[in-house]
Each structure stands twice: as structure tokens, then as C-alpha cells.
Amino acid sequence: MFSKFLTKVKAIPARSSDWANRLGPVALVGYGCGAHQSSQMLLNHFYNSPRDCDIYAELTFHDQAPIECPPETVFFLPVLKCGDMSDVDTPTPEEWYLASTECTTDLLEKGYVPVSVGGDGSATLSMVEAYKRLFPSDEVVVIHFSAHPRVGKVDSPVRVLLEKGLLKGVVSVGNRAVNSADRKVRKEHKMFYMDMHAIYSKGLFCIRDIRNDYPVFLSIDASVLDPAFAPGVEDPVPGGLSTRDLLHILNGVRGPKVVGIDVHGYNPKLDITRGDGLGLTQMALSKVIKESILKAFTISSQTEEEGMTRVQMMQRQGTISENPYPDH
């Protein structure tokens, strides 16, 4: 199971030693454990949507590796297209777990930041576990965006990671459907959370930074968005974040580096589509994927300005051009 895909990942060359400790590039993987065609639909639109990000950075997509950052644009953010894991016959959850763990391990060993797109969120478990096996001394904080805390059930990915003691902490953002089991686990594990009523009672723009000094894993469930922006989810809960609200909070995440990203929770069958078949959730999540990849390159423990300063330092080193209009 998954042998063809995993063979392709194993064949990816490692990045050069000069780039071993630099942020990015990322490697994008379609993960389909969950709703049918969730990863294919998201990746198809993502690769065909505009590549520019909010801070005038531009993504570039590559089918071959290794990829570095040659001086071609102001912010040249390369993305390795690893393909989709979904092109197999009905694998079991255990087979998904093992394949995702192996894929993540290979990509991390070769110097890439793994990004999983699609699925039901179970990739968060396998990706964090793979990172901790490679770097057991690193403390990891999961920033979990969702309408539901998803820690009340003993088999939920974040709950399993907490019970195994693999996390320094969890920051849960955008919750608005919190049951008693969730509250019990929150208290037991001293989780930090920003529920929707708290976000808006204090004011969204008072949330400028999510301070953190540890490596970050971003787990983004589509349900964190209000159903007006992302109707294509299994458990929609009104009163959520707008797309711009989510991007604002995501921009404020701090830390020394991003160790992985999992964007999940999309169900194409439940999406509301335009006349050309393009779904509202599909469009919103493509933007979220893009800006989360940007975060993997520009994250900083202090301020956004510090992250930009690091990119400017790379410009001075000649790895990124200072010319904002390279074609002119």
C-alpha cells in the first residue's frame, strides 16, 4: 500500500548542506484519509490559483528536487510537489498512519518542511510523531485551529499527542463547540485556548502575537472558518472566523521555526460551488494553504519585522534578489 508514492518520496534528493539549517522550502503532500477527493480538489485549485501572497511574496512550484532559493524574485518561496497519497484502494487508518509517518520522516531528513493537504486531521498525529522521533530533544507546540477542540475523544490526534507527552503545549484557536470532556482535558493538560467569544469580546485586532519560543506545528481544520466562508465541512458551527480573521491570527504566530503543517477537514461533497464548479471552501483553503506556507518561511520568535529582517539578510547574501521587478 502506498508503495508507488513512498518510492517517489524516497527518491527525492536531499538539500545541500549549505541549506540544512535554513527555513523552507516546503514539500506539499496530498493526504486523503477522510472525505473522498478532499486532497485532490484542494491541490488542483491551489496549483492553479494566483501564486502571490499577502506580503508580495510569490510561491513557485517544482516537480523535481533538490530546490533552493536562487535570486529570481523578491521573496522566492519554492514548493516541492510530492503528489497525492490518495490514489490507492481504500487503505485502513493504520496504513494511512504508517505511510504518512514514513513520508514525513523522509522529507524531514532531506531538509524539507512537510505540508499535508486534505484528509480528516489524522496526519497531525503521524507528522508530529515523525518529527519527535527524528528530533526527540525538540519541544513542539501545536497551534490547532478548529471549531471543536477535538480533545475529548481518547483517539483524537491532539489528545493522543498530549497523552504520549510529545508536546510542549497546545494553543487551540477558534473553538465554539466545547463540551465537558473537552474542558476536562484542557484543564488537565493546561492547554492555552482562544475561544470565539473571547476573541471577539477582547477584539480580534488585540491579538497581535501568539507568543511562543518553541518549534511550531500548524494544524488547521477548515471548520475554524464560519460556514459562510467554508461550508464544505462535516460539522459546521456558525459564528466562526472569516478568512481574513484566520489569516490575521495566523500571521501573529511566533516561534523559531515551523516543523510541519496540516490543512484538513474539507469535504467536497458538502461544498457550495459557483457555476464553474469551484467551491467556496476550496477557494478559502487554497488561500490558507498559501499563507501558511509563507509562515513557514517568515516565522520569527519575536515580531513579524524580525522575520522580514531575516529574509532581507538572505537578500544580502545573494540567495534572494533585492530587485522587486526581476523582469524589468
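1. At least two residues each of the lining of the second largest cavity come from α3, α4 and β9 (258-264). Helices (H or I, at least four residues) and strands (E, at least two) are DSSP runs, numbered from the N terminus. The model is predicted: local features need pLDDT of at least 70, side-chain atom pairs count only at pLDDT 80 or more, and totals for chains, interfaces and linings use all residues. Residues are numbered from 1 along each chain as its sequence is written, and side-chain values use heavy atoms, with hydrogens and water left out.

2. α4 gives the most to this second lining, with three residues. A cavity is a set of points, on a 1 Å grid over the protein atoms alone, where a 1.4 Å probe fits but cannot get out; lining residues have an atom within 4 Å of a point.

3. The volume of the second largest cavity is about 30 Å³. Here a volume is the space filled by probe spheres set on the points, and grid points are joined across faces, edges and corners. The lining has eight nonpolar, two polar and no charged residues. Ala, Val, Leu, Ile, Met, Phe, Trp, Tyr, Cys and Pro count as nonpolar, Asp, Glu, Lys and Arg as charged, and the others, Gly among them, as polar.

4. Searching the whole structure gives two cavities of 30 Å³ or more. The largest has a volume of about 60 Å³, and the residues lining it include Val29, Tyr31, Met85, Ser100 and Cys103. α3 (93-109), β4 (113-117) and α4 (123-134) are the elements that give two or more residues to this lining. By class, its residues are eight nonpolar, three polar and no charged.

5. Ser219 lies in strand β8 (residues 216-221). Ser219 is buried, at a relative accessible area of 2%; buried means under 20%, with a 1.4 Å probe and protein chains only. Leaving out residues up to four places away in sequence, Ser219 touches Thr124, Val142, Ile143, His144, Phe145, Asp262 and His264. Contact means heavy atoms within 4.5 Å.

6. Helix α9 (residues 280-298) holds Lys290. Lys290 is buried but has no salt bridge, and Asp52, the nearest side chain of opposite charge, is 5.2 Å away. A salt bridge needs a side-chain nitrogen of Lys or Arg within 4 Å of a carboxyl oxygen of Asp or Glu. Beyond four places in sequence, the contacts of Lys290 include Phe46, Pro50 and Asp52.

Technical notes. Buried means under 20% relative accessible area, exposed over 50%, partly exposed in between (1.4 Å probe, protein chains only). Lys and Arg count as positive and Asp and Glu as negative; His and the chain ends are not counted. On a 1 Å grid over the protein atoms alone, a cavity is a set of points where a 1.4 Å probe fits but cannot get out, and a pocket is an open set with protein on both sides within 12 Å along at least five of seven lines; lining residues have an atom within 4 Å of a point.
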